[in-house]
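Subject: Structure handed over, with notes

Hello,

Please find the structure below, followed by my notes on what turned up in it.

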Amino acid sequence: STSNGGRGGKKLDLKDCVFDSTELSNTVFVHCDLGEVSFMRAKLVRASFEKCNLEKTDFTEADIGSTNFKDCYIKNAILDIGGFIKYGNLKGFVLD
């Protein structure tokens with residue numbers, strides 16, 4: 001594991017993992033360093049990220065329906081407009 005610059009202590013280092021086009025629905029990630037990891041086209045329906053580093057993580061074309069993000073460090077994460085709209089609609093946002 002690796003230190004995350006004081007943001008939550010030790011984290012499981014998954015930075016070398018590639019989850020492109022992977023079925024990860026209902027998966028729970030807790031205290032993971034997923035910085036710069038790619039989840040392109042991954043299925044993350046009802047997945048949960050808790051206390052994770054998601055800096056520069058790529059969610060392009062990922063299905064993040066009902067995905068939960070709790071106490072995560074999310075800076076410069078990549079999310080395409082379709083994913084953004086779908087996530088927002090599921091969280092109750094209305095786009096005019």
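The place to start is a set of aromatic rings: ring pairs join Phe19, Phe29, Phe39, Phe49, Phe59 and Phe69 into a cluster. Please keep in mind that this is a predicted model.

Aromatic pairs

The count of aromatic pairs comes to nine. One of them is the pair of Phe39 and Phe59, which is stacked, with 5.4 Å from centre to centre and 5° between the planes. This pair links distant parts of the chain, 20 residues apart: Phe39 sits in the loop between strand 4 (32-33) and strand 5, and Phe59 in the loop between strand 5 and strand 6. Both Phe39 and Phe59 are buried.

Phe59 also forms an aromatic pair with Phe69, and this one is edge-to-face: the centres are 6.0 Å apart and the planes stand at 85°. Because Phe59 lies in the loop between strand 5 and strand 6 while Phe69 lies in strand 6, the pair ties together parts that are 10 residues apart in sequence. The two partners fall into separate burial classes. Phe59 has a relative accessible area of 5%, under the 20% limit, and so counts as buried. Phe69 has 24% relative accessibility, which lies between 20% and 50%, and therefore counts as partly exposed.

Nonpolar core

The largest nonpolar core has 18 residues. Which of them touch the most other members? They are Phe29, Leu34, Phe39, Leu44, Phe49, Cys52 and Phe59. Phe29, Phe39, Phe49 and Phe59 also belong to the ring cluster. In general, nonpolar side chains in soluble globular proteins tend to be buried together.

Leu34 shows what such a position looks like in detail. With neighbours within four places in sequence left aside, Leu34 is in contact with Leu14, Phe19, Phe29, Phe39, Phe49, Cys52, Asn53, Leu54 and Thr57.

The chain as a whole

The protein chain has one helix and six strands. Read from the N terminus, the order is β-β-β-β-β-β-α. Of the 96 residues in the chain, 35% are buried. The chain exposes about 5,600 Å², and carbon and sulfur atoms supply 51% of that area. Among contacts between residues at least 6 apart in sequence, 6% join residues at least 24 apart.

Three strands form an open sheet with parallel pairing, in the order 3-5-6. Strand 3 (28-30) and strand 6 (68-70) are the edge strands, each pairing on one side only. Neighbouring strands of the sheet are turned by 5° against each other on average, with direction ignored.

Strand 5 (residues 48-50) pairs with strand 6 in the parallel sense, over three bridges. Within strand 6, Asn68 is the residue that stands opposite Ser48.

The loop between strand 5 and strand 6

Lys56 lies in the loop between strand 5 and strand 6, and its phi is near 60°, a positive value in a residue other than glycine. Most residues other than glycine have a negative phi. Lys56 has a relative accessibility of 42%, between the limits of 20% and 50%, and so counts as partly exposed.

Glu61, also placed in the loop between strand 5 and strand 6, has a phi near 60° as well, again a positive value in a residue other than glycine. The C-alpha atoms of Glu61 and Ile81 are separated by 8.8 Å, with the two residues 20 apart along the chain. Ile81 is in helix 1 (residues 81-90). Is Ile81 buried or exposed? Its relative accessible area is 62%, over the 50% limit, so Ile81 is exposed.

Asp63 is found in the loop between strand 5 and strand 6. Leaving aside neighbours within four places in sequence, Asp63 is in contact with Ala42, Lys43, Leu44, Val45 and Lys86. One of these, Leu44, is also among the core residues that touch the most other members. The C-alpha atoms of Asp63 and Glu23 are separated by 9.8 Å, and these residues are 40 apart along the chain.

Regards

Definitions and conventions:
Residues are numbered from 1 along each chain as its sequence is written. This is a predicted model: local features need pLDDT of at least 70, side-chain atom pairs count only at pLDDT 80 or more; totals for chains, interfaces and linings use all residues. Side-chain values use heavy atoms; hydrogens and water are left out. Two strands pair if DSSP finds at least two bridges between them. Helices (H or I, at least four residues) and strands (E, at least two) are DSSP runs, numbered from the N terminus. Axes are lines fitted to C-alpha atoms, for helices over the stretch in contact, and angles run from 0 to 180 degrees between N-to-C directions. Buried means under 20% relative accessible area, exposed over 50%, partly exposed in between (1.4 Å probe, protein chains only). Contact means heavy atoms within 4.5 Å. Accessible areas come from the Shrake-Rupley method with a 1.4 Å probe; for residues, only the protein chains shown count as cover. Rings of Phe, Tyr and Trp (its six-membered ring) pair if their centres lie within 6.5 Å; planes under 30 degrees apart count as stacked, over 60 as edge-to-face and the rest as tilted. A nonpolar core is a set of buried Ala, Val, Leu, Ile, Met, Phe, Trp, Tyr and Cys residues joined through side-chain atoms within 4.5 Å.
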